[in-house]
Amino acid sequence: MKLRPWTFDKDKEVVLKWIGNVEVVNKQWRIRAAFEDNNRIEMLDFPIAALPLLRLGAFYKDGQLMDAKTTGIIYDVDIPQLNQYKVVSSLDACKEFGYYLHKSPELMYQYVFEFTMEGNTYYLPQFEFIRAVFAINKTIANSMMQPNGLEFLVKRSYLNNSKAFLELADEIPNVIVKDDNFIRFFSWLYFSSEIKASFESVYTKIKAKMNNGDFLKLEVQLPSSSNTQVRFRGIQKGNKFLILQWLGSNLEGTSFSDVEVKHKAFKKRIDAPGKRKYRNSQQKNDFENILNAYPNERSKQDANQQVENIKGTQFDFGNLADIHKVFGDTQDVNKGGIYISNQGQGGGIQKHLQQVVGLDESVYGEMIQPIEFKMLEVTEDIKGQGLEKFIKMIQLLAKDTNKYQIAMNLVYLPLGRKFSFIKEDLRRCACIVRVNNQLTNKIQYVIEIATPDNKSLSTLLVYENGINEINLKKLLMDLVRRGGSWNKDIIRNLSCEKLKHTSDTLIDWKRKLEMKFK
């Protein structure tokens, strides 16, 4: 999705530096974001539900989040008690890293958590915890900014020992409620008193500021979770770490093993006579969504709205609850032959190459097409992608600050083939590392594909003149279509080299990679 409004040149790459205040425009919550271009910042405002797209230190081009370019690398930390911290200003946190906020009071005085463990200090912006842990899609993000917002999404509920029951409101789109991981997340959010109190504190603290006439900074009360494992993308300087993106955590687990869920989307399928209709889709490969730039225009109601898949936050709830859908109405399913229909738009798929979409709360009778995000990943291990050894090797490489500037990003492989998944509910990731060799002033990209399922696939080293954002996406798509092989047809026109995996130590692996650098 492309963010709008967007005031930069179409081909200009700009970095999201920091998040500012929230505000109410035409009775809708908006959030301000600071983008840096040529050593100056420009503040843009978006719907609060655009939070999932706002990644600190990430680069954007024409309003679209880039995969090949970001800031910081990936680390892990264990926090013994999540609710034991100091609160400092953004200025105090960022000055340790030379992370310049351009003397903007709105940016310098946001709230940041400071954790100290085993001689290391970690700085976590409060808005980043809110973005990663709570704003997992449009529906939840919008409810977060309402008093008792979760209660408007639930008709009935109860928790009986190991079993939970939820009857969800019609306002939750069909395409979202059919996702088992969303049900696991929502059950965790709703039935955990600590997590729910933390979620509700976002609005409570904002409301208190509104009553006092203060600037509306996003703030949150952290839950009292113990032994929290966090994976993050950030910047290190000595024994201090600035967390730019919270990638995943285990937080507090769930006590129940089964969730029964009822929603109007769940219908019992009944065989019926008659022919089945097949609708030809007009969707194109270069189809793209553009965020509505006008707060006075509202989204229409649509239970079957589109869903945009983006790499989001990993959640380890400790107990992966089984989901049991409770059927209400029935749905006739024709069992006859197939006939072709070119009428209609096919469940929200539009005929236009570009479409304006909205992330605001839907209103009956409006015209803007609503859209949702599917970004959370429920896992039994937030380090379960099989990239741990590679990440540790890159961390060693990044310590040579006099030689290299390193940035690392995780992206999903494109959908389309079996290789896109490690297992049924776990998308396969690519780790993209951008290496600026300061000794030669040359840039290269190191691409490592997650293979915990023992697929045999070399590390790919691509030199700068062979890749950009478009080429990178094509490269990963070709890899998926070829079933997970860097064959000669894929890399024929690339300036690249392959590096086979060995059982070498991390230092030996690092040295072998360095020998390939230009």
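Predicted model: local features only at pLDDT ≥ 70, side-chain atom pairs only at ≥ 80, totals over all residues.
Q: Which hand does the crossing of α3 and α7 have?
A: The crossing is left-handed.

Q: What makes the contact of α3 with α7?
A: From α3 come Phe 129, Ile 130 and Phe 134. From α7 come Ile 195, Ser 198, Phe 199 and Val 202. By class, six of these residues are nonpolar, one is polar and none is charged.

Q: How do you know how α6 and α7 are oriented to each other?
A: Helix α6 (residues 180–191) and helix α7 (residues 193–212) pack at about 85°. Angles of 65 to 115 degrees count as roughly perpendicular. The two helices are therefore roughly perpendicular to each other. Their axes lie 5 Å apart.

Q: Which residues make the contact of α6 with α7?
A: α6 brings Trp 188, Leu 189, Tyr 190 and Phe 191. α7 brings Ser 193, Ile 195, Lys 196 and Phe 199. Six residues of this contact are nonpolar, one is polar and one is charged.

Q: Why are α8 and α11 called roughly perpendicular to each other?
A: The axes of helix α8 (residues 388–398) and helix α11 (residues 506–516) cross at roughly 65°. The roughly perpendicular range is 65 to 115 degrees. The pair is therefore placed in that class. The axes come within 9 Å, and α8 passes α11 in a right-handed crossing.

Q: What makes the contact of α8 with α11?
A: On α8 it is Lys 389, Phe 390, Lys 392, Met 393, Ile 394, Leu 396 and Leu 397. On α11 it is Leu 506, Ile 507, Trp 509, Lys 510, Leu 513 and Glu 514. Nine of these residues are nonpolar, none is polar and four are charged.

Q: How many cavities of 30 Å³ or more are counted?
A: The count is three. A space is a cavity if a 1.4 Å probe fits but cannot get out.

Q: What lines the largest cavity?
A: The largest cavity holds about 110 Å³ of space. It is lined by 15 residues, and Arg 30, Pro 47, Pro 295, Glu 297 and Asp 360 are the closest to its centre. Strand β2 (residues 28–37) gives the most to this lining, with three residues. The lining has seven nonpolar, four polar and four charged residues.

Q: Which residues line the second largest cavity?
A: They are Arg 231, Leu 247, Lys 311, Gln 314, Ile 382, Gln 385, Leu 410 and Cys 429. The volume of this cavity is about 60 Å³. Its lining has four nonpolar, two polar and two charged residues.

Q: What lies nearest the centre of the second largest pocket?
A: Thr 71, Gly 72, Ile 235, Gln 405 and Ile 406 do, out of 28 lining residues. About 820 Å³ of space lies in this pocket. The lining has 11 nonpolar, 11 polar and six charged residues.

Q: Which elements each supply at least two residues of the lining of the second largest pocket?
A: They are β1 (13–25), β6 (73–81), β12 (226–237), α8, β26 (404–412) and β29 (429–437).

Q: How do you know whether the peptide bond from Arg 4 to Pro 5 is cis or trans?
A: Look at omega, which is near 10°. The bond is cis. Most peptide bonds are trans. Pro 5 sits in the segment before β1.

Q: What is the phi of Asn 161, and where does Asn 161 lie?
A: Phi is near 55°, a positive value in a residue other than glycine. Most residues other than glycine have a negative phi. Asn 161 lies in the loop between β10 (154–160) and β11 (163–168).

How values were computed. Residues numbered from 1 in each chain as written. Heavy atoms only, no water. Axes fitted to C-alpha atoms, helices over the stretch in contact; angles between N-to-C directions. Helix = DSSP H or I, 4+ residues; strand = E, 2+ residues; numbered from the N terminus. Parallel < 35°, antiparallel > 145°, perpendicular 65-115°, else oblique. Left-handed = near helix turned anticlockwise from the far one by under 90°. Contact = heavy atoms within 4.5 Å. Nonpolar A, V, L, I, M, F, W, Y, C, P; charged D, E, K, R; others polar. 1 Å grid on protein atoms, 1.4 Å probe; cavity = no way out; pocket = protein on both sides within 12 Å on 5 of 7 lines; lining within 4 Å. Points joined across faces, edges and corners; volume = space filled by probe spheres on them.
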